[in-house]
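Biologist: Please show me the model, and let us then examine the grounds for the terms applied to it.

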Amino acid sequence: MALSIFDLFKVGVGPSSSHTVGPMVAANRFLVELAKRQQLSQVTKVKVALYGSLALTGKGHATDIAVLLGLLGEAPATVNPDCVQEYIQAINTHHQLKLAGEYPVTFNPAEDIHFHYQASLPEHPNGMQILAYDQHGMLLFEGTYFSVGGGFVVTKGEQTASDQDVAVPLAFNSGKELLAICKQHQLSIAELVLKNEQALQPDLTQQQLYDQIYTIWEVMDNCIRRGCQQSGELPGGLKIKRRAAEFYRELTSKPEAALKDQLTVMDWVNLFAMAVNEENAAGGRVVTAPTNGAAGVIPAVLAYYDRFVHGASREGIVKFIATAAAIGMLYKQNASISAAEVGCQGEIGVACSMAAGALTAVLGGTNEQVENAAEIGMEHNLGLTCDPIAGLVQVPCIERNTMGAVKAINAARLAIRGNGDHHVSLDSVIETMRQTGLDMQEKYKETSQGGLAVNVVAC
């Protein structure tokens with residue numbers, strides 16, 4: 001099963017890829033299965049059961065809302081964030097939803113979405129079930145789904161979240177293999193990934209493929225720009241004020257300040273990440289990179305490249321995204337990008353690693369230096385826990401993205417100062433991250449039962 005660039009970078013809505021995008025995708029798959037069985041018109045009632053982390057932080061992560069949107073037939077990449085509250089209010093008022101946008105069924109969210117706070121399904125901590133009944137109360141179909149991080153969804157018995165079974169010409173399963181294949185064929189990491197992507201997207205010309213990849217950046221950039229314009233409080237009850245707009249005004253009102261403080265560029269990087277993750281927390285449109293909780297790291301570093309690196313280009317942006325995808329594929333295949341499995345090291349840590357390697361590539365680094373930067377990016381995020389206050393993707397998540405972005409830039413600079421030789425390999429640090437995640441107590445894995453979530457008053 002080959003992973004695509006577009007598996008790692010998906011357009012969706014906030015606040016969480018595993019708790020919002022994934023459940024919406026699961027509900028879409030549920031509709032597809034009912035349609036295959038020709039049972040959509042027979043359904044009169046639907047029930048939803050959420051388990052593990054999906055239950056424990058489901059309210060704060062808008063899992064219940066995502067499931068409803070999915071059952072309406074809305075998809076993460078196309079749903080209008082500005083219409084979500086209208087849809088949900090109608091369901092709550094009338095206790096009815098139109099399945100797939102067409103078939104009315106009885107649904108009272110307060111009674112028909114069950115949060116199983118004390119139970120988890122054995123296959124994965126992000127488990128959910130959706131059940132459809134006919135007019136006689138007979139069960140028509142029950143779907144069990146697992147949101148395994150980054151918007152990937154698998155059903156019970158599936159082994160991988162990717163539906164790509166096309167053989168790619170330059171397959172790799174480890175960092176060591178990736179470097180060896182690149183050396184054998186005299187390719188950069190980005191060139192290798194793009195050759196594989198072309199095999200996965202044979203109907204696209206090379207230019208069309210590049211344009212689609214560039215569109216990922218355009219969505220990211222639009223998210224930054226929108227985040228720099230919005231003010232007010234973030235939803236959820238913590239009364240967290242959005243800061244990016246005021247931050248942006250401060251930076252643009254006194255541009256001469258950059259002449260006095262050479263670290264002003266860092267302020268801009270912080271702003272880029274903050275803007276994205278405030279949008280994410282507000283349910284806005286973002287790109288999983290590779291998750292929503294870490295959606296600000298890669299856009300911030302890519303914006304740094306676009307705005308502050310001499311010679312930045314459209315081709316460089318495509319190279320950045322392709323290189324980042326290669327690194328993300330290694331984590332997805334050999335460890336996890338789910339905070340519910342391995343803590344935030346699997347989200348911010350992976351995003352930092354991806355961004356560090358990608359920035360190194362567009363700054364002219366060798367493949368070996370790219371691998372070195374990616375390793376540095378994760379090595380100094382090992383053990384990072386996921387402990388969101390009140391189950392909201394706000395504290396510490398928003399600022400954590402700024403830290404991940406700055407750390408990625410520093411990792412790239414460290415790697416470029418070297419020659420690619422280093423003591424710890426990327427493969428070793430990925431395996432260490434996986435083992436650390438297994439050792440980590442469950443309360444530190446996106447449950448809001450440990451860390452800041454219990455040591456800071458939520459109201």
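This is a predicted model: local features need pLDDT of at least 70, side-chain atom pairs count only at pLDDT 80 or more; totals for chains, interfaces and linings use all residues.

Biologist: How do you know where domain 1 and domain 2 lie?

Modeller: An automatic or database domain assignment supplies the bounds; domain 1 covers 19-147 and domain 2 covers 175-444. Their centres, taken over C-alpha atoms, are separated by 31 Å.

Biologist: What makes residues of the two domains count as being in contact?

Modeller: Contact requires heavy atoms within 4.5 Å. By that criterion, domain 1 contributes 15 residues and domain 2 contributes 13 residues.

Biologist: What area is buried between domain 1 and domain 2, and which residues of domain 1 lose the most?

Modeller: About 860 Å² is buried between domain 1 and domain 2, with 55% of it coming from carbon and sulfur atoms. On the side of domain 1, the greatest losses to domain 2 fall on G60, H61 and P81, which together make up 40% of what that side buries.

Biologist: How many residue pairs are in polar contact between domain 1 and domain 2?

Modeller: There are 5 such residue pairs, with both residues at pLDDT 80 or more. As for composition, the side of domain 1 that touches domain 2 has 6 nonpolar, 8 polar and 1 charged residues.

Biologist: Which peptide bonds are cis, among them the one ending at P15?

Modeller: The bond from G14 to P15 is cis, with omega near 10°, and P15 sits in the loop between β1 (11-13) and α2 (17-36). Another cis bond joins V395 and P396, where omega is about 10°; P396 belongs to the loop between α17 (367-379) and α18 (397-417).

Biologist: What makes the phi of Q38 worth noting?

Modeller: Most residues other than glycine have a negative phi. Q38 is a residue other than glycine, yet its phi is positive, near 55°. Q38 is located in the loop between α2 and β2 (45-51).

Biologist: What does UniProt record, and what is the helix and strand content of the annotated regions?

Modeller: An unreviewed UniProt entry places "domain: Serine dehydratase beta chain" at residues 4-157, a stretch that is 34% helix and 29% strand. The entry, unreviewed, also lists "domain: Serine dehydratase-like alpha subunit" at residues 185-453. Residues 185-453 are 63% helix and 1% strand, and their end C-alpha atoms are 49 Å apart.

Key: Residues are numbered from 1 along each chain as its sequence is written. Side-chain values use heavy atoms; hydrogens and water are left out. UniProt positions are given in the numbering used here, feature names are shortened, and annotations may be inferred rather than shown by experiment. Helices (H or I, at least four residues) and strands (E, at least two) are DSSP runs, numbered from the N terminus. Buried area is the accessible area (1.4 Å probe) that two parts lose on being put together, summed over both. A polar contact is a pair of N or O atoms within 3.5 Å; within protein, one must be able to donate a hydrogen and the other to accept it, and residues adjacent in sequence count only if both atoms are side-chain atoms. Ala, Val, Leu, Ile, Met, Phe, Trp, Tyr, Cys and Pro count as nonpolar, Asp, Glu, Lys and Arg as charged, and the others, Gly among them, as polar.
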